[in-house]
Amino acid sequence: MTATITPEAAILTEAAPQPPPVKDKLVIFAWSGELDKVWPTLILATTSAAMGTETIVFFTFWGLFPLVREGRGITGQNWMQKMLALMNKGGTQHLKLSKMNFAGMGPAMMKSLAKKNGVASPHELLEAAQEMGVKLIPCQMTMDMMGLTREDLIDGIEEPAGATTALLEAQGANTLFI
Amino acid sequence: MAIAVAQTLDVKGLSCPLPILRTAKAMMQMEPGERVEVLATDPGSVPDFTAWCTKTGNALVETSQADGVFRFVVEKAQR
């Protein structure tokens with residue numbers, strides 16, 4: 001004898017929740033501009049790409065400054081943006097530590113220790129990220145607010161985009177907010 | 001008999017994640033089935049190479065240690 005399924009039960013079976021498939025993809029929201037945050041961001045992004053995982057880093061707020069071209073000097077259109085550029089040198093060479101900065105002595109010592117221990121510098125890791133196909137997306141809103149143009153940023157990055165693009169990329173992916 | 005390797009990567013003295021990054025980069029230029037020998041001193045590379053091979057499907061055909069140097073032989077996955 002075969003069991004009969006009532007139409008109600010059939011509907012229930014069909015409606016059973018399915019876990020969404022997790023994509024082999026990592027999206028990092030890089031919002032911090034300190035050496036001790038930028039470093040792990042780039043280490044995780046490069047390693048993720050080396051593991052064959054599609055990897056995207058969305059650079060926003062303070063996190064955008066590591067993408068500024070080295071030696072770009074004072075950027076911005078008004079005095080506030082110019083002040084900001086003066087106090088916050090772009091690129092990966094002048095990043096500060098979130099603690100024990102000691103007016104730059106902390107980062108200098110950290111870099112010396114890193115070199116001694118064969119740890120890749122943020123600059124080296126950023127280049128490796130580009131080589132390994134990590135998509136680096138600068139935040140358009142941050143650029144506008146901080147007075148940074150596309151020419152102020154390094155080559156080999158994606159076109160600037162907004163929160164919607166970043167969140168769409170993050171759908172079904174693993175995400176990190178650093 | 002020693003296993004034939006296509007190339008040797010010396011990453012001695014380098015820390016995480018460089019041993020893996022250098023290996024991944026080298027393997028991008030290799031043919032499936034080819035083997036690379038990696039010499040490292042970072043103790044963290046022992047679990048990391050296992051994890052990396054699990055994820056990428058490349059085969060970790062040998063792991064050994066001598067005089068503080070770890071030797072990994074990785075065979076590129078058929079794809």
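Me: Which residue in strand 4 of chain B is the bridge partner of B:Glu37?

Reply: The partner of B:Glu37 is B:Val73. This is a predicted model, in which local features need pLDDT of at least 70 and side-chain atom pairs count only at pLDDT 80 or more, while totals for chains, interfaces and linings use all residues; side-chain values use heavy atoms, with hydrogens and water left out. Residues are numbered from 1 along each chain as its sequence is written, and chains are lettered from A and ligands numbered from 1 in the order in which they are written.

Me: Why are strand 2 and strand 4 of chain B called paired?

Reply: Two strands pair if DSSP finds at least two bridges between them, and strand 2 (residues 35–40) and strand 4 (residues 69–75) of chain B are joined by six, running antiparallel; the strands are therefore paired under that rule. The strands themselves are DSSP runs (E, at least two residues), as helices are (H or I, at least four), and both are numbered from the N terminus.

Me: What makes strand 1 and strand 3 of chain B edge strands?

Reply: Strand 1 and strand 3 (59–66) of chain B each pair on one side only, in an open sheet of four strands that has the order 1-2-4-3 and mixed pairing. Leaving direction aside, neighbouring strands of this sheet are turned by 20 degrees against each other on average.

Me: How is the direction of helix 2 of chain B set against that of strand 4 of chain B?

Reply: The two directions make about 5 degrees, where axes are lines fitted to C-alpha atoms, for helices over the stretch in contact, and angles run from 0 to 180 degrees between N-to-C directions. Helix 2 of chain B touches strand 2, strand 3 and strand 4 of chain B, contact meaning heavy atoms within 4.5 Å. Helix 1 of chain B, by comparison, lies across strand 1, strand 2 and strand 4 of chain B and runs at about 155 degrees to strand 1.

Me: Is the crossing of helix 1 and helix 2 of chain B left-handed or right-handed?

Reply: The crossing is right-handed; a crossing has that name if the near helix is turned clockwise from the far one by less than a right angle, and is left-handed if the turn is anticlockwise. Helix 1 (residues 18–28) and helix 2 (residues 45–56) of chain B pack at about 35 degrees, with their axes 10 Å apart. Among the residues that meet are B:Ile20 and B:Met27 from helix 1 and B:Phe49 and B:Trp52 from helix 2 of chain B.

Me: What is the handedness of the crossing of helix 2 of chain A and helix 1 of chain B?

Reply: This crossing is left-handed, and the axes of helix 2 (residues 35–50) of chain A and helix 1 of chain B come within 9 Å and cross at roughly 35 degrees. A:Thr46, A:Thr47 and A:Ala50 meet B:Ile20, B:Leu21 and B:Ala24 there.

Me: How much area do chain B and chain A bury between them?

Reply: They bury about 1,200 Å², 64% of it on carbon and sulfur atoms; buried area is the accessible area (1.4 Å probe) that two parts lose on being put together, summed over both. B:Pro17, B:Leu21 and B:Lys55 supply 41% of the area that chain B buries against chain A, more than any other three residues. In terms of contact, 14 residues of chain B face 17 residues of chain A.

Me: Why is the pair of B:Lys55 and A:Asp24 called a salt bridge?

Reply: The rule asks for a side-chain nitrogen of Lys or Arg within 4 Å of a carboxyl oxygen of Asp or Glu, and the N to O distance for B:Lys55 and A:Asp24 is 2.9 Å, so the pair qualifies. The interface of chain B and chain A holds three salt bridges, and the count over all chains is 11.

Me: Which order do the four strands of the open sheet in chain A have?

Reply: The order is 3-2-1-4, with parallel pairing.
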